[in-house]
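Here is a friendly tour of the model shown below. Keep the structure open beside the text as you read.

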Amino acid sequence: MQALERSVPVRLQIPAIGVDTPVMQLGLAADGTVEVPPITAHDRAGWYRNSPTPGQTGPSVILAHVTVGRYGDGVFRDLARLRQGDRITARLEDGAVPEFTVTAVRTVAKSDFPTDAVYGDVDRPELRLITCGGPRKGSGYLDNVIVFAALTSTSS
Amino acid sequence: MRRTTLSALALACTAVLASAVPALADGASPTPTTTTAPRTSTAAPAPTPATARPAKPGQVVAVPRGAADTGVAPVASHSGTDGGLIGGSAALVLAIGGGAVLVVRRRRAAGA
């Protein structure tokens, strides 16, 4: 599959779980962890700007909350329900629309986060969607849900 | 005897005075030694950085540390449920306690 030029994502759609959200940009927090979208009523997804844009060669990383405290469900509330073969569409700033197909869904302990599998180099355009999951501890969660997807088509 | 004692005392005082070094304020001042303070960085230690990597086209250029904190549990609904349970339990305890007191009073009244 031909890789795309760099263009930041502005929207993410996952029909299988009813996701259609704008995409903001995220960087690194002061402690070196990845930033996450703000806890607001209008939750949205965020693209990690130190990763490739969707459609470029490499792992493009998009994060969103599973729940947003008193505001209820987050954008990725049902991310763990995705299955192999489900489609994910990103809309880029330049008008391109790369479409990805889910290859794997993993729930992992945060204490054993698979950094290499998520952020490591790959030789084709791929996508990683990350949210929280598993048992709760205090106001947070013990696990991360990670969706792995690969580019399957592109339109504009 | 007294003369010997006085002589010994005088000798001792002389020895002490001779060995004492005068503390003169206007004497040669000691040569200042050049002390080089160890070079310490005043900057606060940086937080554990994300792993920076050589820029490769299209790959992750800075790997974040650890997992993503992408969820704040919806506590409101849970606290409401818990509050209802606690309130219900308290009402049940009060009802049982009140009933027990009533029974005891009636038995006492019947016995008297």
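## A salt bridge between the chains

D69(B) is partly exposed, with 48% relative accessible area; here buried means under 20% relative accessible area, exposed over 50%, and partly exposed anything in between (1.4 Å probe, protein chains only). Its partner is K110(A): the two form a salt bridge whose closest N and O atoms are 3.5 Å apart. A salt bridge is counted when a side-chain nitrogen of Lys or Arg comes within 4 Å of a carboxyl oxygen of Asp or Glu. K110(A) counts as buried because its relative accessible area is 18%.

The pair reaches from the loop between β6 and α1 (115–119) of chain A to the loop between β2 (62–63) and α2 (75–111) of chain B. Helices (H or I, at least four residues) and strands (E, at least two) are DSSP runs, numbered from the N terminus. How many salt bridges does the rule find across the interface of chain A and chain B? The count there is 1.

## About the model

This is a predicted model, in which local features need pLDDT of at least 70 and side-chain atom pairs count only at pLDDT 80 or more, while totals for chains, interfaces and linings use all residues. Residues are numbered from 1 along each chain as its sequence is written, chains are lettered from A and ligands numbered from 1 in the order in which they are written, and side-chain values use heavy atoms, with hydrogens and water left out.

## Chain B and the interface

Chain B has 2 helices and 2 strands, in the order α-β-β-α along the sequence. Of its 112 residues, 12% are buried. Chain B exposes about 9,400 Å², with 67% supplied by carbon and sulfur atoms; accessible areas come from the Shrake-Rupley method with a 1.4 Å probe, and for residues only the protein chains shown count as cover.

Where the chains meet, 39 residues of chain A are in contact with 24 residues of chain B, contact meaning heavy atoms within 4.5 Å. Together the chains bury about 2,500 Å², of which 57% is on carbon and sulfur atoms. Buried area is the accessible area (1.4 Å probe) that two parts lose on being put together, summed over both. Y119(A), D121(A) and R136(A) supply 20% of the area that chain A buries against chain B, more than any other three residues.

## Two nonpolar cores

A nonpolar core is a set of buried Ala, Val, Leu, Ile, Met, Phe, Trp, Tyr and Cys residues joined through side-chain atoms within 4.5 Å. Which members of the largest core touch the most other members? Among its 23 residues, they are L12(A), I14(A), I62(A), F76(A), L79(A), I88(A) and L129(A). In chain A, β1 (9–14), β2 (19–26), β3 (45–48), β6 (97–109), β7 (125–137) and β8 (140–155) each contribute at least two residues to this core, and β8(A) gives the largest share, 4 residues.

A second, separate core has 17 residues, including Y48(A), V61(A), F148(A) and A62(B).

## Strand pairing in chain A

Two strands pair if DSSP finds at least two bridges between them. β8(A) pairs antiparallel with β6(A) over 12 bridges and antiparallel with β7(A) over 10 bridges. N144(A) in β8(A) stands opposite V108(A) and also opposite C132(A). The hairpin of β7(A) and β8(A) has 2 residues between the strands, and G138(A) there takes a positive phi near 65°.

β1(A) pairs in the antiparallel sense with β2(A) over 4 bridges, with I14(A) opposite V19(A). In their hairpin, which has 4 residues between the strands, G18(A) has a positive phi near 70°. β1(A) also pairs antiparallel with β5 (residues 87–92) of chain A over 4 bridges, where P9(A) stands opposite L92(A).

## Charged pairs within chain A

Is R128(A) buried or exposed? At 2% relative accessibility, R128(A) is buried. This residue of strand β7 forms a salt bridge with E126(A), the closest N and O atoms being 2.8 Å apart, and E126(A) is buried too. R124(A), E126(A) and R128(A) are linked in a network of salt bridges. The C-alpha atoms of R128(A) and P59(A) are separated by 6.5 Å, although the two are 69 residues apart along the chain.

The whole structure holds 7 salt bridges over all chains. In one of them, R87(A) and E99(A) bring their closest N and O atoms to 2.9 Å. R87(A) lies in β5 and E99(A) in β6 of chain A, so this pair ties together parts 12 residues apart in sequence.
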